[in-house]
Amino acid sequence: MTSQPPSASIAPTVVLRAEATPSAPALRLRPWQDDDVESLIEAFRDPVLRRWTRVPLENVDDAHRWLALQRAGWQNRQRISFAVLADDPGGDPDQGLENGPGRLLGNVVLKSLDPAVGSAEVGYWTAAPARGRGVAPRALEALTGWAFDTFGPEGLDRLALLHQVDNTASCRVAEKTGYRFDRIMSARPPFPRDGHLHLRRILPAQRSGAGPIQ
């Protein structure tokens, strides 16, 4: 994808994909849409998800407001979020993944993008039926590669992943996707506990496709 000039928005037509694994379907990542409302509300009924997210979604109005924020984020490039969907007709009925293509599995987001200083932050959540299936690492890897490919030429050279110290699942996802532990961050509102900062950097040669991301 051709990178945009720093002042331009990104058209919300990007679709990313990740291959299937023996335990989980292929993934399709695309911008959130208005018809995701019901799936979004259903995902947020999960108490584990609600524990780690700052914006509660209780009803249709809440969901529409959240979706409006995602659309605005694409325009100002400060919150570029993707719905993570199952992208094959398979799945495991015993694990609640039997509904085939289009089933909502999670969310990944690139936020606080500032290529001028070389940084951005990534975040994610996974719907309850998809946890422990390798969905989050594959979706985050797809987002990471796209972010460096798209914004690396503008100066983006590092991505940060932050989570509370007691969120061990997020720590495992960070490690699996090459986000190396950097340091402990002191608690600050609205987060009640200290956090881990993980970083993933792009080597200068990778901007021209000649080297690896580390």
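**Figure 1. Salt bridge between Arg158 and Asp157.** The side chains of Arg158 and Asp157 form a salt bridge, with an N to O distance of 3.1 Å. A salt bridge here is a side-chain nitrogen of Lys or Arg within 4 Å of a carboxyl oxygen of Asp or Glu. Arg158 is partly exposed at 25% relative accessibility, and Asp157 is partly exposed at 26%. Buried means under 20% relative accessible area, exposed over 50%, and partly exposed in between (1.4 Å probe, protein chains only). The model is predicted: local features need pLDDT of at least 70, side-chain atom pairs count only at pLDDT 80 or more, and totals for chains, interfaces and linings use all residues. Residues are numbered from 1 along each chain as its sequence is written, and side-chain values use heavy atoms, with hydrogens and water left out.

**Figure 2. Salt bridge between Arg28 and Asp87.** In the whole structure, 13 salt bridges are found. One of them joins the side chains of Arg28 and Asp87 at 3.4 Å, N to O. Arg28 lies in strand β2 and Asp87 in the loop between β3 and β4, so this pair ties together parts 59 residues apart in sequence. Helices (H or I, at least four residues) and strands (E, at least two) are DSSP runs, numbered from the N terminus. Arg28 has a relative accessible area of 22% and is partly exposed; Asp87, at 25%, is also partly exposed.

**Figure 3. Salt bridge between Arg131 and Asp46.** The side chains of Arg131 and Asp46 meet at 2.4 Å, N to O. Arg131 sits in the loop between β5 and α4 and Asp46 in the loop between α1 and α2, so the pair ties together parts that are 85 residues apart in sequence. Arg131 is partly exposed at 31% relative accessible area, whereas Asp46 counts as buried at 13%.

**Figure 4. The largest pocket.** The volume of this pocket is about 1,300 Å³. On a 1 Å grid over the protein atoms alone, a pocket is an open set of points where a 1.4 Å probe fits, with protein on both sides within 12 Å along at least five of seven lines; lining residues have an atom within 4 Å of a point. Its lining has 50 residues, of which Trp52, Tyr124, Trp125, Asn167 and Ser170 lie nearest the centre. Elements giving two or more residues to the lining include α2 (47-52), α3 (60-76) and β8 (195-201). Strand β5 provides the largest share, 6 residues.

**Figure 5. The second largest pocket.** About 190 Å³ of space lies in this pocket. Among its lining residues are Ser39, Glu42, Asp46, Arg103 and Pro129. Helix α1 (residues 37-43) gives the largest share of the lining, 3 residues.

**Figure 6. The nonpolar cores.** A nonpolar core is a set of buried Ala, Val, Leu, Ile, Met, Phe, Trp, Tyr and Cys residues joined through side-chain atoms within 4.5 Å. The largest core has 35 residues, and Leu29, Phe82, Leu110, Trp146 and Leu159 touch the most other members. Elements that each supply at least two residues of this core include β1 (16-18), β2 (27-30) and β3 (79-86). The largest share, 10 residues, comes from α4. Another core of 16 residues lies apart from it, with Leu40, Ala43, Trp66 and Trp125 among its members.

How values were computed:
Points joined across faces, edges and corners; volume = space filled by probe spheres on them.
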